[in-house]
Amino acid sequence: MMTLTLAISGSGGAGAISTGELVLRLFAESGGYGMLKKTFSPQIRGGESAAIVRLGNAPVATIPARIDLLIALDWQNFARFADEVPVSARTLVLHTGSDDPPPGLTIDNLLTIDAAGIAAAADSGWLNMVLLGMLARGLGGTCAAAEALLLARLEKHDEAARDAACRALRAGFAEPLPEPLAQLLAALPAPAPAASAPPRWLASGNQMAALGALEAGVRFVAAYPITPASDLLEWLARHIEHYGGHLVQAEDELAAINMVIGAGFGGVPAMTATSGPGMALMSEAMGLAVASETAAVVVDVMRGGPSTGIPTKSEQSDLNLALYGLHGDAPHIVLAAQSIADCHFTTAWAVQLATRLQTLVIVLSDQSLGQSIQVFDAPGSELPRAVVEHAVPAEPYLRYRDTASGVSPLALPGEPGHMYTADGLEHGENAIPSPRSRDHRLQLDKRLRKLTGFDFGERWADLTGQVEGRSVIICMGSVTASALEARQSLARAGHEVAVLSLRLLAPLPLAQLGALLESASRLLVVEHNHGAQLWHYLRSLLPHCTFDSLALPGPAAIQPRDIFAALEIADVA
């Protein structure tokens, strides 16, 4: 597979992210594959941003550590991207000459293009569109295709702005490419889509999670904005009414989760989305969902913490909060989406499980999955669907009847003769509050049994490769893509390893997991946090297994080379 990785950086409003998105869309429309990682400053307004785009002639799911081309629209606070946009001796650096590179940045290949002058000659101030035109030409695209994408992007702008942007684009496309830039872009063959190629999508993980929720049956969403989950909620706000649902922006996270619980009590599949600080505020109400056995879905798009932390960067440091953050004995389900495309299935599965088992389901995503966009083959049409079962048995109606499965009969509000109280107080089978030891133990056992006794099927994890006698990389979420890329590189060097990506984290399927891992020669847990949270969790539940740990905090992503080093394998390119 041949790939090219370019980064576009600039101050807030310079258009770095939009330029990167247009490059990816243009390449995708030509039949190519790619992925874009967005990285922002932590400021609410202003600051700087960067788009890191990897283009390839086959599917790509990671952003490598090596940057082939850096386009600096300006150098404002570029040093903040040093970990994510490393400049090496092989990096071609293109800048507009508006300011000087920051001191201490070593640049071996510097190319200056007077983008502002080219834009001014076209009676335009859109210098980023000049560069987009040059990239479109160098990547084998057409000016007409690039202009069509640009006009779609600027749909809400006035006619004068759209015309000025298009003039700059056409001027850039007509500009002769400097030889170093032309050679670099020409090294990536122009994509040639096969006639029988499956349909492809271009989307972010947040968009896929939102779509999965809607298709699974979610018809009510309560939202309070928080980075990096806000665009998931914004996408839902634009589309949920088409499905016959409603979204409400609550006054805070506490109100949002309580609205979701209220909708679930009424038999309407409901969800919210947040990040670590918001989920911490929701923890008491999430316990109410468990105690009252009310369906509720919470999507946690994780970011760097603690506290405000690094709100615009990715990390997997909310695992302990998702597993243990509820007070009391409150068994619930925790899932982890494995890829941008898998956000679609996993969120839909969460909706199905929440309604079927009448409980809380937390879905873990992260900033890398949520806000990156990727070209991928369209997912299949089979998707889990919510089914709110409210068949009420013969009298007397016992809302919290101790059934064999642990799932009790559910009556919807207003059904004659089946009124009950749903609150956070412990209760007997008849839903009447009770402090009795017998009732407390019976309900605790029942709430746990309906999860541990449920057959979750084969989707609890994704296994790539053979386990017996080999090292197994155990991971979750966005680390999965790096683990799979590391596995491919190791295989080419003659080292066979397996990758086990966990989708169902709680309740952890101990019997299946233990049986699967017992024949492995080595177990390496790879995770994107400082405290090795997944490693500690697995060790606590599988004490007979010996797990090694590779735990690295953000914001820099875990790279295949980190995995090679942890496995003590040096002969891998």
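S501 lies in strand β17, which spans residues 497–502; helices (H or I, at least four residues) and strands (E, at least two) are DSSP runs, numbered from the N terminus. The structure is a predicted model, in which local features need pLDDT of at least 70 and side-chain atom pairs count only at pLDDT 80 or more, while totals for chains, interfaces and linings use all residues. Residues are numbered from 1 along each chain as its sequence is written, and side-chain values use heavy atoms, with hydrogens and water left out.

S501 counts as buried because its relative accessibility is 2%, where buried means under 20% relative accessible area, exposed over 50% and partly exposed in between (1.4 Å probe, protein chains only). When residues up to four places away in sequence are not counted, S501 touches Q338, A461, D462, C475, M476, G477 and T480, contact being defined as heavy atoms within 4.5 Å. With T480, the side chain of S501 also forms a polar contact of 2.7 Å.

Strand β3 (residues 48–56) is mostly covered, with 9 of its 9 residues buried. In a regular strand the side chains alternate between the two faces of the sheet. Strand β3 runs antiparallel to strand β1 (residues 3–11), to which it is joined by 9 bridges, and L4 stands opposite L55 in β3. Strand β2 (residues 33–40) also pairs with β3 in the antiparallel sense, over 8 bridges, and here K37 stands opposite I52; two strands pair if DSSP finds at least two bridges between them.

The term polar contact, as used above, denotes a pair of N or O atoms within 3.5 Å; within protein, one must be able to donate a hydrogen and the other to accept it, and residues adjacent in sequence count only if both atoms are side-chain atoms.
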